[in-house]
Every structure is written in C-alpha cells, then in structure tokens.
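Biologist: I am new to this structure and would like to learn how to read it. Please take me through it feature by feature.

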Amino acid sequence: MMWRGCCRLLWGRSPPVRLPRPLLVTGGSGPVGLGGGRAYAPPAERKRFYQNVSISQGEGGFEINLDHRKLKTPQAKLFTVPSEALAIAVATEWDSQKDTIKFYTMHLTTLCNTALDNPTQRNKMQLIRAAVKFLETDTVCYRVEEPAALAELQKNEWDPVVAWAEKRYNVAIGSSTSILGPNIPASTKETFVSHLASYNMWALQGIEYVITQLKSLILSMGLIDRHITVEKAVLLSRLEEEYQIQRWGNVEWAHDYDLCELRARAAAGTLFVHLCSESSTVKHKLLQD
C-alpha cells in the first residue's frame, strides 16, 4: 500500500500534499547494523497529535510540517530531506497514520532519521566496507547438499541471480556447501566497493537497510538495479524457509505477517535508495517505468 501510494503521489504529480504538524520524533536504539552499531528503532505507538501534514522547502532541503510544527529527528535536528520526492513519500507515511501513530510502519521516516543523525557515526567508506563484507555470508552463496530437493531448488533459483551479478559487475562470486562459505576474490570485493562508492551517504543507508532485510548483498543489488522485483527478492531470501513450509505447513497468520513485513521493508529501502540517488538518470528511468 505504501509503495503504491508513493507512486501515485510522486509520479502522478499531484499538488503539494497536506500533512500533519511537525513534531519531535524520539527514537531509541534498535537492531544491530552491518557495521556493528545500533540503528534507530522508533517507539512502537503514540496517539496521533496532528491534523494536517504538508511539506515545505527550506534552506537545507525539504521539510515535513505537522500542522504548524516542524518535524525533528530523535537528536532534535530539523528533519530535512534532499528531494521533494522523498519528502512527499515521508509525508505520506505520516498522513497515512490513523488515530494511533504506528512508528514501526514508517520505514522511510526511520531511514531519514538514521541518515540525518548517523547514530553509528560511520563515514561513507565504513558503510561501504560493511556492505561488501556481507558477501562473505551472503544467503545465496551458502548451499546445502541435502535434502536433494532443497539443493536442487537452491541451484535453480539462486544460480541465475548469482550469474546475473557476475555478468553485471564482471566479477567471480560462486557458491559453496562448506560452513565457511565461498572464497570471494579480493578483486570482486573491490569492484563492489567501487560500485557502491558511486552512491551518496543517504542512498548507502538505504542499501544497508535492504541488505539487512534480505541477508544478501547480491539480492539487494539485483533489487536496486531493477533486475528482480521485491516479491522475487523476498522469496529468494526466504527460500529454505518457504521450502520447509511447503513440506511441513505453517502457522498461516504468522507466515503471512512476516512475509508482508519483509516485503514492506525491502520495498521501502529500495524506494529510499532511488529517491536519494544523486543520478538524475536513475530518477528519470524510475519515473518512466
């Protein structure tokens, strides 16, 4: 729903969105990030205290207004984003809240807070190195030998995306059934370092977020490069779990909830990367599709 709503607002080019008043958003510490630091995990819920939401342009970028107050980050910084498109998407999250504000559904807001406050105090190269290090434990590179049906499923579903990545980036990745994982060449890591360096700090925060959701740099780049869909990326990241569910069954409501949540987070992270990209070519392509 959030993904489609943002698309309509952004690509339908509707007039400025009326949103709720700005408030001070307070977020605590949350899940451990790729670099070992802790990222923001916003409070669970609070009563909605604003009526209208709007965006405005300030000296530092685009701001979110909740009635007559400016939205702020957990560290009390003015909540300012670099693009109107991102501001509209964030404003949509706030405007979509009902009587209760469910902060855990506001993934774009949380990503912006992380980019603005940088709670882990990492620089650009540290973010890049942490993302590339994930190749050593990438989900699609770890294979089983048995049961044979699962091994075959991994081969059929994961091999094509690994082959795509090897061709796309001109690298060697491979896979392994060893608990130690595949031996990723240094040249492959440096190629990914160079590629990720083309993104700005905001986009890198989004890339890190997607990687932590999918547990895979390869799937994340396939998603961000628009090679695979959100649904496909999530399915491939949960391949073994889905195999076990097909075989043994599942607790339906729990499975459906987890699946929807993972799709929402992966979609939000991918949208965030595109909306934060410095490349107008990427933005133009996104708008045309």
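Biologist: Which element gives the largest share of the lining of the largest cavity?

Modeller: In this predicted model, that share comes from H7, with three residues. Helix H7 spans residues 201-214, and it is one of the elements that give two or more residues to this lining, together with H4.

Biologist: Which residues line the largest cavity?

Modeller: The lining consists of Leu-127, Ala-131, Leu-196, Leu-204, Ile-207 and Glu-208. Sorted by class, five of these are nonpolar, one is charged and none is polar.

Biologist: What is the volume of the largest cavity, and how many cavities of 30 Å³ or more does the structure hold?

Modeller: The volume is about 30 Å³. The structure holds one cavity of 30 Å³ or more.

Biologist: Let us turn to a single residue. Is Ile-128 buried or exposed?

Modeller: A residue counts as buried when its relative accessible area is under 20%. Ile-128 has a value of 1%, so it is buried. This residue is found in helix H4.

Biologist: Which residues does Ile-128 touch, leaving out those up to four places away in sequence?

Modeller: Ile-128 touches Val-193, Leu-196, Ala-197 and Leu-204.

Biologist: How far apart are Ile-128 and Tyr-199 in sequence and in space?

Modeller: They are separated by 71 residues in sequence, while their C-alpha atoms are 9.6 Å apart in space.

Biologist: With which side chain does the side chain of Arg-122 make a polar contact?

Modeller: The partner is the side chain of Thr-120, at 2.9 Å.

Biologist: What pLDDT does the chain average, and which elements have the lowest and highest means?

Modeller: pLDDT is the predictor's confidence in each residue, from 0 to 100. The chain averages 84, and 79% of the residues score at least 70. Among the elements, the lowest mean, 35, belongs to strand E1 (residues 28-32), and the highest, 98, to helix H8 (residues 217-224). Across residues 1-38 the pLDDT is below 50, yet the model gives this stretch 125 contacts beyond near neighbours in sequence.

Biologist: How many contacts beyond four places in sequence does the model have for residues 279-289?

Modeller: The model has 13 such contacts for residues 279-289, where pLDDT stays under 50.

Technical notes
Residues numbered from 1 in each chain as written. Predicted model: local features only at pLDDT ≥ 70, side-chain atom pairs only at ≥ 80, totals over all residues. Heavy atoms only, no water. Helix = DSSP H or I, 4+ residues; strand = E, 2+ residues; numbered from the N terminus. Contact = heavy atoms within 4.5 Å. Polar contact = N/O pair within 3.5 Å; in protein donor to acceptor, adjacent residues only side chain to side chain. 1 Å grid on protein atoms, 1.4 Å probe; cavity = no way out; pocket = protein on both sides within 12 Å on 5 of 7 lines; lining within 4 Å. Points joined across faces, edges and corners; volume = space filled by probe spheres on them. Nonpolar A, V, L, I, M, F, W, Y, C, P; charged D, E, K, R; others polar. Buried < 20%, exposed > 50% of the residue type's maximum accessible area, 1.4 Å probe, protein only.
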